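Biologist: I am new to this structure and would like to learn how to read it. Could you take me through it step by step?

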Amino acid sequence: MNKCVERLHNGIIKENPTLVLMLGMCPTLAVTTSAINGLGMGLTTTVVLALSNMIIAALRNIIPDKIRIPAFIVIIASFVTMMQLLLQAYIPSLYKSLGIYIPLIVVNCIILGRAEAYAYKNPILPSFFDGLGMGLGFTISLTIIGLLREFIGGCSVFGHELSLFTPIAIFKMAPGAFFVLALLTAIQNQVKLTGEKKGRDVSKIQSGCGSDCMQCAVGDCKDRVMAADNEKEEA
Amino acid sequence: MIMNTVRDLLIILVGSSLVSNVVLSQFLGLCPFLGVSKKVNTAAGMGIAVIFVITLSSAVAGAIYKYILTPLHMEYMQTIVFILVIAALVQFVEMFLKRFMVGLYQSLGVYLPLITTNCAVLGVALTNVTKGYGVLYGVVNGFATAVGFTISIILLASIREKLEYNDIPKPLKGMPIVLLTAGLMAIAFCGFSGLI
(Lines give C-alpha, C1' and ligand atoms only; values in the text may rest on other atoms or scores of the structure.)
Protein backbone atom coordinates (compact mmCIF):
# COMPACT_ATOMS: atom_id res chain seq x y z
CA MET A 1 0.00 0.00 0.00
CA ASN A 2 2.94 2.28 0.75
CA LYS A 3 4.04 2.05 -2.85
CA CYS A 4 0.64 3.31 -4.01
CA VAL A 5 0.77 6.35 -1.73
CA GLU A 6 4.33 7.01 -2.88
CA ARG A 7 3.15 6.92 -6.51
CA LEU A 8 0.38 9.44 -5.79
CA HIS A 9 2.84 11.79 -4.05
CA ASN A 10 5.29 11.36 -6.93
CA GLY A 11 2.72 12.30 -9.56
CA ILE A 12 1.14 15.21 -7.73
CA ILE A 13 4.21 16.89 -6.21
CA LYS A 14 7.63 15.46 -7.01
CA GLU A 15 7.23 14.88 -10.73
CA ASN A 16 4.18 17.01 -11.46
CA PRO A 17 3.77 16.55 -15.23
CA THR A 18 2.91 20.18 -15.98
CA LEU A 19 4.78 22.24 -13.42
CA VAL A 20 7.95 20.14 -13.01
CA LEU A 21 8.34 18.01 -16.14
CA MET A 22 6.54 20.44 -18.52
CA LEU A 23 4.87 17.73 -20.56
CA GLY A 24 1.58 17.88 -22.43
CA MET A 25 1.74 21.58 -23.18
CA CYS A 26 -0.76 21.66 -26.07
CA PRO A 27 -3.87 20.84 -23.98
CA THR A 28 -2.48 22.87 -21.07
CA LEU A 29 -2.45 26.03 -23.14
CA ALA A 30 -5.52 25.36 -25.20
CA VAL A 31 -8.19 24.48 -22.66
CA THR A 32 -7.26 26.59 -19.65
CA THR A 33 -9.41 29.56 -20.62
CA SER A 34 -11.43 28.88 -17.46
CA ALA A 35 -10.95 26.86 -14.29
CA ILE A 36 -13.86 24.58 -15.05
CA ASN A 37 -12.46 23.68 -18.47
CA GLY A 38 -9.06 22.95 -16.96
CA LEU A 39 -10.68 20.76 -14.31
CA GLY A 40 -12.75 18.88 -16.91
CA MET A 41 -9.79 18.28 -19.19
CA GLY A 42 -7.62 17.21 -16.25
CA LEU A 43 -10.16 14.71 -14.93
CA THR A 44 -10.80 13.25 -18.40
CA THR A 45 -7.06 12.77 -18.88
CA THR A 46 -6.79 11.24 -15.40
CA VAL A 47 -9.39 8.58 -16.19
CA VAL A 48 -7.66 7.71 -19.48
CA LEU A 49 -4.23 7.70 -17.84
CA ALA A 50 -5.16 5.50 -14.88
CA LEU A 51 -7.15 2.97 -16.91
CA SER A 52 -4.70 2.70 -19.80
CA ASN A 53 -1.82 2.33 -17.35
CA MET A 54 -3.72 -0.49 -15.67
CA ILE A 55 -4.48 -2.34 -18.91
CA ILE A 56 -0.92 -1.91 -20.21
CA ALA A 57 0.46 -3.23 -16.93
CA ALA A 58 -1.89 -6.20 -17.14
CA LEU A 59 -0.81 -6.97 -20.70
CA ARG A 60 2.88 -6.19 -20.21
CA ASN A 61 3.96 -9.81 -20.57
CA ILE A 62 1.85 -10.37 -23.68
CA ILE A 63 2.69 -7.27 -25.74
CA PRO A 64 5.83 -7.96 -27.82
CA ASP A 65 8.58 -5.45 -27.25
CA LYS A 66 8.90 -4.43 -30.90
CA ILE A 67 5.31 -3.33 -31.44
CA ARG A 68 4.68 -1.96 -27.96
CA ILE A 69 4.21 1.68 -29.06
CA PRO A 70 1.41 0.93 -31.58
CA ALA A 71 -0.17 -1.38 -28.97
CA PHE A 72 -0.05 1.40 -26.35
CA ILE A 73 -1.58 3.85 -28.81
CA VAL A 74 -4.48 1.51 -29.62
CA ILE A 75 -5.20 0.96 -25.91
CA ILE A 76 -5.02 4.69 -25.15
CA ALA A 77 -7.12 5.62 -28.18
CA SER A 78 -9.81 3.13 -27.13
CA PHE A 79 -10.12 4.72 -23.71
CA VAL A 80 -10.12 8.20 -25.22
CA THR A 81 -12.96 7.21 -27.56
CA MET A 82 -14.93 5.81 -24.62
CA MET A 83 -14.43 9.02 -22.64
CA GLN A 84 -15.42 11.08 -25.65
CA LEU A 85 -18.70 9.18 -26.04
CA LEU A 86 -19.41 9.34 -22.29
CA LEU A 87 -18.81 13.10 -22.17
CA GLN A 88 -20.95 13.61 -25.25
CA ALA A 89 -23.79 11.73 -23.58
CA TYR A 90 -23.61 12.98 -20.00
CA ILE A 91 -21.76 16.33 -19.91
CA PRO A 92 -22.51 17.87 -23.34
CA SER A 93 -21.52 21.37 -22.20
CA LEU A 94 -17.98 20.24 -21.35
CA TYR A 95 -17.85 18.16 -24.53
CA LYS A 96 -18.67 21.26 -26.53
CA SER A 97 -16.18 23.55 -24.87
CA LEU A 98 -13.29 21.07 -25.00
CA GLY A 99 -14.13 20.07 -28.57
CA ILE A 100 -11.26 18.69 -30.59
CA TYR A 101 -8.94 18.56 -27.59
CA ILE A 102 -10.71 15.47 -26.21
CA PRO A 103 -9.67 13.13 -29.06
CA LEU A 104 -6.26 14.78 -29.00
CA ILE A 105 -5.66 13.30 -25.53
CA VAL A 106 -4.34 10.33 -27.54
CA VAL A 107 -1.21 12.25 -28.50
CA ASN A 108 -0.69 13.73 -25.02
CA CYS A 109 2.91 12.76 -24.29
CA ILE A 110 2.24 12.28 -20.56
CA ILE A 111 0.13 9.20 -21.24
CA LEU A 112 2.52 7.51 -23.67
CA GLY A 113 5.42 8.54 -21.44
CA ARG A 114 3.92 6.87 -18.36
CA ALA A 115 3.04 3.74 -20.31
CA GLU A 116 6.61 3.47 -21.53
CA ALA A 117 8.33 4.55 -18.33
CA TYR A 118 6.24 2.85 -15.67
CA ALA A 119 3.27 0.72 -16.65
CA TYR A 120 5.16 -1.53 -19.07
CA LYS A 121 7.47 -2.75 -16.30
CA ASN A 122 5.35 -2.69 -13.14
CA PRO A 123 2.40 -4.61 -11.64
CA ILE A 124 -1.21 -3.54 -12.10
CA LEU A 125 -1.98 -1.78 -8.82
CA PRO A 126 1.07 0.52 -8.63
CA SER A 127 0.60 1.35 -12.33
CA PHE A 128 -2.99 2.36 -11.67
CA PHE A 129 -1.91 4.63 -8.83
CA ASP A 130 0.95 5.98 -10.91
CA GLY A 131 -1.58 7.00 -13.58
CA LEU A 132 -3.93 8.38 -10.96
CA GLY A 133 -1.17 10.44 -9.33
CA MET A 134 0.12 11.83 -12.60
CA GLY A 135 -3.43 12.57 -13.72
CA LEU A 136 -4.28 14.36 -10.49
CA GLY A 137 -1.05 16.35 -10.72
CA PHE A 138 -2.06 17.35 -14.25
CA THR A 139 -5.60 18.20 -13.09
CA ILE A 140 -4.43 20.37 -10.21
CA SER A 141 -1.99 22.36 -12.32
CA LEU A 142 -4.52 22.79 -15.15
CA THR A 143 -7.14 24.03 -12.69
CA ILE A 144 -4.69 26.49 -11.15
CA ILE A 145 -3.65 27.84 -14.55
CA GLY A 146 -7.30 28.03 -15.60
CA LEU A 147 -8.22 29.84 -12.38
CA LEU A 148 -5.41 32.34 -12.92
CA ARG A 149 -6.38 33.04 -16.52
CA GLU A 150 -10.08 33.23 -15.71
CA PHE A 151 -9.46 35.60 -12.79
CA ILE A 152 -7.16 37.99 -14.64
CA GLY A 153 -8.89 37.71 -18.00
CA GLY A 154 -12.52 37.67 -16.95
CA CYS A 155 -12.52 38.68 -13.28
CA SER A 156 -14.47 35.59 -12.30
CA VAL A 157 -13.83 32.42 -10.30
CA PHE A 158 -15.34 29.12 -11.54
CA GLY A 159 -17.81 31.14 -13.60
CA HIS A 160 -18.92 33.47 -10.80
CA GLU A 161 -18.55 37.13 -11.77
CA LEU A 162 -16.72 39.20 -9.17
CA SER A 163 -16.42 42.65 -10.81
CA LEU A 164 -13.44 43.76 -8.71
CA PHE A 165 -11.45 45.29 -11.54
CA THR A 166 -11.58 45.72 -15.29
CA PRO A 167 -10.57 42.33 -16.69
CA ILE A 168 -7.50 42.12 -18.94
CA ALA A 169 -9.27 40.22 -21.69
CA ILE A 170 -6.08 39.20 -23.50
CA PHE A 171 -5.38 36.63 -20.76
CA LYS A 172 -8.42 34.64 -21.82
CA MET A 173 -7.34 34.72 -25.45
CA ALA A 174 -4.54 32.81 -27.15
CA PRO A 175 -1.66 35.22 -26.36
CA GLY A 176 -2.51 35.08 -22.64
CA ALA A 177 -1.84 31.35 -22.61
CA PHE A 178 1.68 31.93 -23.90
CA PHE A 179 2.27 34.68 -21.33
CA VAL A 180 1.08 32.53 -18.43
CA LEU A 181 3.28 29.67 -19.57
CA ALA A 182 6.22 32.05 -19.98
CA LEU A 183 5.67 33.16 -16.39
CA LEU A 184 5.56 29.56 -15.18
CA THR A 185 8.77 28.58 -16.97
CA ALA A 186 10.46 31.74 -15.68
CA ILE A 187 9.52 30.78 -12.11
CA GLN A 188 10.79 27.29 -12.81
CA ASN A 189 14.10 28.65 -14.09
CA GLN A 190 14.43 30.79 -10.99
CA VAL A 191 13.75 27.84 -8.68
CA LYS A 192 16.33 25.85 -10.60
CA LEU A 193 18.92 28.63 -10.39
CA THR A 194 18.54 29.15 -6.64
CA GLY A 195 18.41 25.38 -6.12
CA GLU A 196 21.69 24.94 -7.95
CA LYS A 197 23.26 27.67 -5.88
CA LYS A 198 22.24 25.91 -2.68
CA GLY A 199 23.44 22.58 -4.03
CA ARG A 200 20.06 20.85 -4.25
CA ASP A 201 19.28 18.16 -6.81
CA VAL A 202 17.30 19.91 -9.52
CA SER A 203 17.88 17.43 -12.36
CA LYS A 204 14.17 16.59 -12.49
CA ILE A 205 13.07 20.14 -13.23
CA GLN A 206 12.90 20.41 -16.99
CA SER A 207 11.42 22.66 -19.56
CA GLY A 208 9.67 19.92 -21.47
CA CYS A 209 10.78 19.21 -24.99
CA GLY A 210 11.86 22.83 -25.13
CA SER A 211 15.52 21.95 -25.13
CA ASP A 212 15.84 20.79 -28.72
CA CYS A 213 13.44 18.64 -30.66
CA MET A 214 16.13 17.39 -32.98
CA GLN A 215 17.46 15.20 -30.20
CA CYS A 216 14.08 13.55 -29.96
CA ALA A 217 14.88 11.73 -33.19
CA VAL A 218 17.61 9.80 -31.45
CA GLY A 219 15.35 8.93 -28.55
CA ASP A 220 16.37 11.59 -26.09
CA CYS A 221 12.83 12.60 -25.21
CA LYS A 222 11.87 9.08 -24.33
CA ASP A 223 15.03 8.47 -22.32
CA ARG A 224 14.49 11.67 -20.39
CA VAL A 225 11.06 10.60 -19.19
CA MET A 226 12.34 7.14 -18.39
CA ALA A 227 15.60 8.15 -16.72
CA ALA A 228 13.89 9.52 -13.64
CA ASP A 229 12.17 6.23 -12.95
CA ASN A 230 15.08 3.96 -13.77
CA GLU A 231 17.20 5.72 -11.18
CA LYS A 232 14.59 5.14 -8.54
CA GLU A 233 14.31 1.43 -9.18
CA GLU A 234 18.04 0.97 -8.99
CA ALA A 235 18.29 2.83 -5.71
CA MET B 1 -21.39 26.57 -58.68
CA ILE B 2 -17.69 26.49 -59.49
CA MET B 3 -17.37 30.10 -58.36
CA ASN B 4 -18.88 29.17 -55.00
CA THR B 5 -16.46 26.30 -54.53
CA VAL B 6 -13.50 28.50 -55.42
CA ARG B 7 -14.70 31.16 -52.97
CA ASP B 8 -15.14 28.59 -50.20
CA LEU B 9 -11.71 27.17 -50.85
CA LEU B 10 -10.14 30.63 -50.73
CA ILE B 11 -11.84 31.33 -47.42
CA ILE B 12 -10.53 28.04 -46.01
CA LEU B 13 -7.05 28.84 -47.34
CA VAL B 14 -6.87 32.24 -45.66
CA GLY B 15 -8.79 31.18 -42.57
CA SER B 16 -6.70 28.15 -41.71
CA SER B 17 -3.30 29.61 -42.52
CA LEU B 18 -3.62 33.10 -41.00
CA VAL B 19 -6.81 33.76 -39.05
CA SER B 20 -6.98 30.64 -36.91
CA ASN B 21 -3.32 29.82 -37.09
CA VAL B 22 -2.68 26.25 -36.01
CA VAL B 23 0.06 27.10 -33.50
CA LEU B 24 -0.69 30.61 -32.38
CA SER B 25 -4.41 30.32 -31.86
CA GLN B 26 -5.10 26.59 -31.63
CA PHE B 27 -1.92 25.47 -29.82
CA LEU B 28 -1.44 22.38 -31.96
CA GLY B 29 2.07 21.29 -32.88
CA LEU B 30 3.56 23.32 -30.08
CA CYS B 31 6.42 20.90 -29.41
CA PRO B 32 8.12 21.21 -32.81
CA PHE B 33 7.22 24.91 -32.87
CA LEU B 34 9.27 25.48 -29.72
CA GLY B 35 11.80 22.71 -30.24
CA VAL B 36 12.91 23.06 -33.88
CA SER B 37 12.88 26.85 -34.12
CA LYS B 38 16.47 27.66 -33.20
CA LYS B 39 17.65 28.17 -36.78
CA VAL B 40 15.75 29.38 -39.83
CA ASN B 41 17.13 26.57 -42.02
CA THR B 42 15.93 23.72 -39.82
CA ALA B 43 12.65 25.53 -39.17
CA ALA B 44 12.02 25.78 -42.91
CA GLY B 45 12.89 22.10 -43.36
CA MET B 46 10.47 21.14 -40.61
CA GLY B 47 7.80 23.37 -42.12
CA ILE B 48 8.08 21.78 -45.54
CA ALA B 49 8.02 18.27 -44.06
CA VAL B 50 4.88 19.21 -42.12
CA ILE B 51 3.19 20.60 -45.25
CA PHE B 52 3.99 17.37 -47.07
CA VAL B 53 2.74 15.04 -44.32
CA ILE B 54 -0.38 16.99 -43.33
CA THR B 55 -1.58 17.41 -46.92
CA LEU B 56 -1.07 13.73 -47.63
CA SER B 57 -2.60 12.55 -44.37
CA SER B 58 -5.69 14.73 -44.67
CA ALA B 59 -6.28 13.22 -48.12
CA VAL B 60 -5.88 9.66 -46.84
CA ALA B 61 -7.80 10.21 -43.59
CA GLY B 62 -10.61 12.01 -45.44
CA ALA B 63 -10.92 9.22 -47.98
CA ILE B 64 -10.94 6.53 -45.28
CA TYR B 65 -13.60 8.38 -43.33
CA LYS B 66 -15.82 8.90 -46.36
CA TYR B 67 -15.44 5.55 -48.13
CA ILE B 68 -14.80 3.10 -45.29
CA LEU B 69 -15.99 4.39 -41.91
CA THR B 70 -19.19 6.16 -42.99
CA PRO B 71 -20.64 3.25 -45.07
CA LEU B 72 -19.88 0.88 -42.17
CA HIS B 73 -21.43 3.29 -39.60
CA MET B 74 -18.23 3.18 -37.58
CA GLU B 75 -17.62 6.92 -37.29
CA TYR B 76 -16.85 6.54 -33.59
CA MET B 77 -13.67 4.66 -34.55
CA GLN B 78 -12.21 7.80 -36.13
CA THR B 79 -9.63 8.62 -33.45
CA ILE B 80 -8.14 5.11 -33.36
CA VAL B 81 -8.17 4.71 -37.13
CA PHE B 82 -6.69 8.14 -37.84
CA ILE B 83 -3.79 7.86 -35.42
CA LEU B 84 -2.80 4.45 -36.77
CA VAL B 85 -3.17 5.56 -40.38
CA ILE B 86 -1.02 8.64 -39.74
CA ALA B 87 1.71 6.63 -37.98
CA ALA B 88 1.76 4.07 -40.78
CA LEU B 89 1.68 6.77 -43.45
CA VAL B 90 4.68 8.60 -42.02
CA GLN B 91 6.64 5.33 -41.88
CA PHE B 92 5.64 4.57 -45.44
CA VAL B 93 6.57 8.04 -46.70
CA GLU B 94 9.95 7.68 -45.02
CA MET B 95 10.62 4.32 -46.70
CA PHE B 96 9.36 5.58 -50.05
CA LEU B 97 11.57 8.67 -49.98
CA LYS B 98 14.60 6.66 -48.87
CA ARG B 99 14.17 4.29 -51.80
CA PHE B 100 13.04 6.56 -54.63
CA MET B 101 13.85 10.18 -53.81
CA VAL B 102 17.17 10.21 -52.05
CA GLY B 103 17.68 13.98 -52.35
CA LEU B 104 14.35 14.78 -50.74
CA TYR B 105 14.97 12.13 -48.09
CA GLN B 106 18.28 13.69 -47.13
CA SER B 107 16.67 17.08 -46.58
CA LEU B 108 13.41 15.95 -44.92
CA GLY B 109 14.26 12.53 -43.47
CA VAL B 110 15.32 13.76 -40.04
CA TYR B 111 12.03 15.53 -39.49
CA LEU B 112 9.70 12.71 -40.43
CA PRO B 113 9.91 10.64 -37.22
CA LEU B 114 9.25 13.82 -35.25
CA ILE B 115 5.99 14.40 -37.10
CA THR B 116 4.24 11.14 -36.16
CA THR B 117 3.44 12.36 -32.69
CA ASN B 118 2.78 15.93 -33.82
CA CYS B 119 -0.72 16.67 -32.64
CA ALA B 120 -1.32 19.07 -35.55
CA VAL B 121 -1.52 16.14 -37.98
CA LEU B 122 -4.22 14.33 -36.01
CA GLY B 123 -5.83 17.67 -35.19
CA VAL B 124 -6.30 18.57 -38.86
CA ALA B 125 -7.73 15.14 -39.71
CA LEU B 126 -10.26 15.47 -36.88
CA THR B 127 -11.12 19.10 -37.68
CA ASN B 128 -11.87 18.10 -41.28
CA VAL B 129 -14.37 15.53 -40.02
CA THR B 130 -15.91 17.83 -37.41
CA LYS B 131 -16.43 20.60 -39.94
CA GLY B 132 -17.86 18.14 -42.47
CA TYR B 133 -15.26 18.81 -45.15
CA GLY B 134 -15.09 16.34 -48.03
CA VAL B 135 -11.80 15.04 -49.39
CA LEU B 136 -11.05 18.10 -51.60
CA TYR B 137 -11.91 20.66 -48.90
CA GLY B 138 -10.04 18.58 -46.37
CA VAL B 139 -6.87 18.53 -48.45
CA VAL B 140 -7.04 22.30 -48.97
CA ASN B 141 -7.65 22.83 -45.25
CA GLY B 142 -4.73 20.54 -44.38
CA PHE B 143 -2.43 22.34 -46.79
CA ALA B 144 -3.46 25.76 -45.49
CA THR B 145 -3.04 24.71 -41.86
CA ALA B 146 0.44 23.40 -42.57
CA VAL B 147 1.35 26.58 -44.43
CA GLY B 148 0.24 28.50 -41.34
CA PHE B 149 2.51 26.32 -39.23
CA THR B 150 5.43 26.94 -41.59
CA ILE B 151 4.88 30.71 -41.58
CA SER B 152 4.82 30.91 -37.80
CA ILE B 153 7.79 28.59 -37.20
CA ILE B 154 9.97 30.47 -39.71
CA LEU B 155 8.98 33.80 -38.16
CA LEU B 156 9.79 32.53 -34.68
CA ALA B 157 13.11 31.07 -35.82
CA SER B 158 14.21 34.36 -37.38
CA ILE B 159 13.31 36.22 -34.18
CA ARG B 160 15.17 33.66 -32.09
CA GLU B 161 18.32 34.01 -34.21
CA LYS B 162 18.32 37.71 -33.36
CA LEU B 163 17.55 37.02 -29.69
CA GLU B 164 20.79 35.06 -29.37
CA TYR B 165 22.79 38.29 -29.28
CA ASN B 166 20.67 40.03 -26.68
CA ASP B 167 21.22 40.38 -22.99
CA ILE B 168 18.27 38.58 -21.45
CA PRO B 169 17.63 38.47 -17.67
CA LYS B 170 18.79 35.14 -16.29
CA PRO B 171 15.46 33.61 -15.26
CA LEU B 172 13.99 34.48 -18.65
CA LYS B 173 16.72 32.73 -20.63
CA GLY B 174 15.70 29.77 -22.76
CA MET B 175 12.02 28.85 -22.87
CA PRO B 176 10.40 31.85 -21.10
CA ILE B 177 11.65 34.42 -23.59
CA VAL B 178 10.65 32.19 -26.52
CA LEU B 179 7.16 31.86 -25.06
CA LEU B 180 6.92 35.62 -24.56
CA THR B 181 7.91 36.06 -28.21
CA ALA B 182 5.27 33.54 -29.24
CA GLY B 183 2.71 35.43 -27.16
CA LEU B 184 3.54 38.70 -28.92
CA MET B 185 3.30 36.91 -32.27
CA ALA B 186 -0.10 35.58 -31.23
CA ILE B 187 -1.24 39.16 -30.54
CA ALA B 188 -0.04 40.15 -34.00
CA PHE B 189 -1.93 37.26 -35.55
CA CYS B 190 -5.09 38.38 -33.72
CA GLY B 191 -5.02 41.27 -36.19
CA PHE B 192 -5.83 38.88 -39.02
CA SER B 193 -9.21 38.08 -37.48
CA GLY B 194 -10.84 40.87 -39.48
CA LEU B 195 -9.83 39.28 -42.78
CA ILE B 196 -12.84 37.02 -43.14
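Modeller: Gladly! Let us start with what an axis is: a line fitted to C-alpha atoms, for helices over the stretch in contact, and the angle between two axes runs from 0 to 180 degrees between N-to-C directions. Please keep in mind that this is a predicted model.

Biologist: How is a pair of packed helices described?

Modeller: In general, two packed helices are described by the angle between their axes and the distance between the axes. Here, take helix α4 (residues 78-100) of chain B and helix α7 (residues 119-130) of chain B: their axes cross at roughly 135° and come within 10 Å.

Biologist: What does that angle say about how α4(B) and α7(B) lie to each other?

Modeller: Angles over 145 degrees would count as roughly antiparallel and 65 to 115 as roughly perpendicular. α4(B) and α7(B) are therefore oblique to each other. Their crossing is right-handed.

Biologist: Which residues of α4(B) and α7(B) meet?

Modeller: From α4(B) come Gln78(B), Phe82(B), Ile83(B) and Ile86(B), and they meet Val121(B), Leu122(B), Ala125(B), Leu126(B) and Val129(B) of α7(B). Sorted by class, this contact has eight nonpolar residues, one polar and no charged ones.

Biologist: Let me try chain A. At what angle do α7(A) and α8(A) pack?

Modeller: Helix α7 (residues 124-154) of chain A packs with helix α8 (residues 174-197) of chain A at about 125°, and the axes are 11 Å apart. This pair is therefore oblique, and α7(A) and α8(A) make a right-handed crossing. α7(A) contributes Ile145(A), Leu148(A) and Arg149(A) to the contact, while α8(A) contributes Gly176(A), Ala177(A), Val180(A) and Leu184(A). By class, the contact has five nonpolar residues, one polar and one charged.

Biologist: And how do I read the place where two chains come together?

Modeller: The size of an interface is often given as the accessible area lost when the parts come together. In this model, chain B and chain A bury about 3400 Å² between them, with 82% of it on carbon and sulfur atoms. The contact involves 42 residues of chain B and 40 residues of chain A.

Biologist: How many salt bridges are there across the interface of chain B and chain A?

Modeller: Zero by the rule used, although the count over all chains comes to six. One salt bridge joins Arg7(A) and Asp130(A), whose closest N and O atoms are 2.5 Å apart. This pair links distant parts of the chain, as Arg7(A) sits in helix α1 (residues 2-14) of chain A and Asp130(A) in helix α7 of chain A, 123 residues apart.

Notes
Residues are numbered from 1 along each chain as its sequence is written. Chains are lettered from A and ligands numbered from 1 in the order in which they are written. This is a predicted model: local features need pLDDT of at least 70, side-chain atom pairs count only at pLDDT 80 or more; totals for chains, interfaces and linings use all residues. Side-chain values use heavy atoms; hydrogens and water are left out. Helices (H or I, at least four residues) and strands (E, at least two) are DSSP runs, numbered from the N terminus. Angles under 35 degrees count as roughly parallel, over 145 as roughly antiparallel, 65 to 115 as roughly perpendicular and the rest as oblique. A crossing is left-handed if the near helix is turned anticlockwise from the far one by less than a right angle, and right-handed if clockwise. Contact means heavy atoms within 4.5 Å. Ala, Val, Leu, Ile, Met, Phe, Trp, Tyr, Cys and Pro count as nonpolar, Asp, Glu, Lys and Arg as charged, and the others, Gly among them, as polar. Buried area is the accessible area (1.4 Å probe) that two parts lose on being put together, summed over both. A salt bridge is a side-chain nitrogen of Lys or Arg within 4 Å of a carboxyl oxygen of Asp or Glu.
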